Amino acid sequence: MKLYTTGMAPNPERVHMFVREKGIKNIETVEMALMKGEHKTKEYQAISPFRQLPALVLDDGRVITESKAICVYLESLYPEPNLFGETGEEAAFIEMWDRRIEFMMLMPLAMWIRHGHPAFVAIEKQIPDMAVRGEKGFRRFAQYIDAELANRDYIVGERFTVADITAFASMGFARVAKWKPDAETLPHLHAWRARMMARPCGQKS
Ligand SMILES: N[C@@H](CCC(=O)N[C@@H](CS)C(=O)NCC(=O)O)C(=O)O
């Protein structure tokens with residue numbers, strides 16, 4: 001298996017965190033310089049039709065794109081520890097939270113950074129209003145999830161799942177906007193982030 005990836009980008013990072021939590025060692029990686037547009041070539045488009053990262057090339061040549069789909073595939077090869085749900089019911093709750101985190105936290109954050117950070121003119125036609133809306137949406141959701149985490153240790157319940165990975169990868173990307181959860185105003189999110197940093201997903205090699 002070969003993983004096309006790039007540093008400091010939340011979607012590839014979701015896969016790397018998943019790999020660390022599973023303890024998977026046999027994935028070759030190909031690092032692409034996103035900000036230099038290395039992924040915009042015809043060669044890479046032949047691998048990933050929308051020229052996005054990550055992309056996982058299987059040993060038989062087939063390609064899986066979409067970070068979550070890559071994680072689903074890896075979960076099928078390495079079922080333990082289970083990160084997608086032991087029962088259909090648990091899987092539904094995990095999926096619900098993972099989608100909420102992806103659409104209400106990661107996407108507004110990406111809008112904020114891609115449309116607001118000067119370095120991102122390299123890959124984005126910036127619309128300043130999108131940055132403003134993104135920042136607002138992200139901050140609103142951070143408060144919401146902080147309140148949720150007052151009652152439990154992890155995004156879904158009492159155990160770590162793929163939804164924690166999506167949220168933690170978002171936190172990592174938020175550092176580009178010089179944002180992290182503050183112990184006074186977002187105490188539960190702050191404590192959850194400290195728990196994530198102590199886990200395999202938080203140990204960058
Ligand atoms: N839905 C895709 C999104 C992939 C994506 O947007 N990747 C970003 C990096 S985080 C990318 O490759 N962007 C390239 C660009 O915007 O030119 C996934 O989950 O993998």
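View 1. Glu66 lies in the loop between strand E4 (63-65) and helix H3. Helices (H or I, at least four residues) and strands (E, at least two) are DSSP runs, numbered from the N terminus. This is a predicted model, where local features need pLDDT of at least 70, side-chain atom pairs count only at pLDDT 80 or more, and totals for chains, interfaces and linings use all residues. Residues are numbered from 1 along each chain as its sequence is written, and side-chain values use heavy atoms, with hydrogens and water left out. Phi of Glu66 is near 80°, a positive value in a residue other than glycine.

View 2. An N or O atom in the side chain of Glu66 is 2.6 Å from a nitrogen atom of the ligand. A polar side-chain atom of His39 lies 2.7 Å from a ligand oxygen atom. For Leu53, a polar backbone atom is 2.7 Å from an oxygen atom of the ligand.

**View 3. Two prolines follow cis peptide bonds.** The bond from Leu53 to Pro54 is cis, with omega near 5°. Pro54 is in the loop between helix H2 (42-47) and strand E3 (55-57). The bond from Glu80 to Pro81 is also cis, with omega near -10°. Pro81 is in the loop between helix H3 (67-77) and helix H4 (88-116).

**View 4. Met8 has a positive phi.** Phi of Met8 is near 60°, and Met8 is a residue other than glycine. Met8 lies in the loop between strand E1 (2-5) and H1.

Methods. A polar contact is a pair of N or O atoms within 3.5 Å; within protein, one must be able to donate a hydrogen and the other to accept it, and residues adjacent in sequence count only if both atoms are side-chain atoms.
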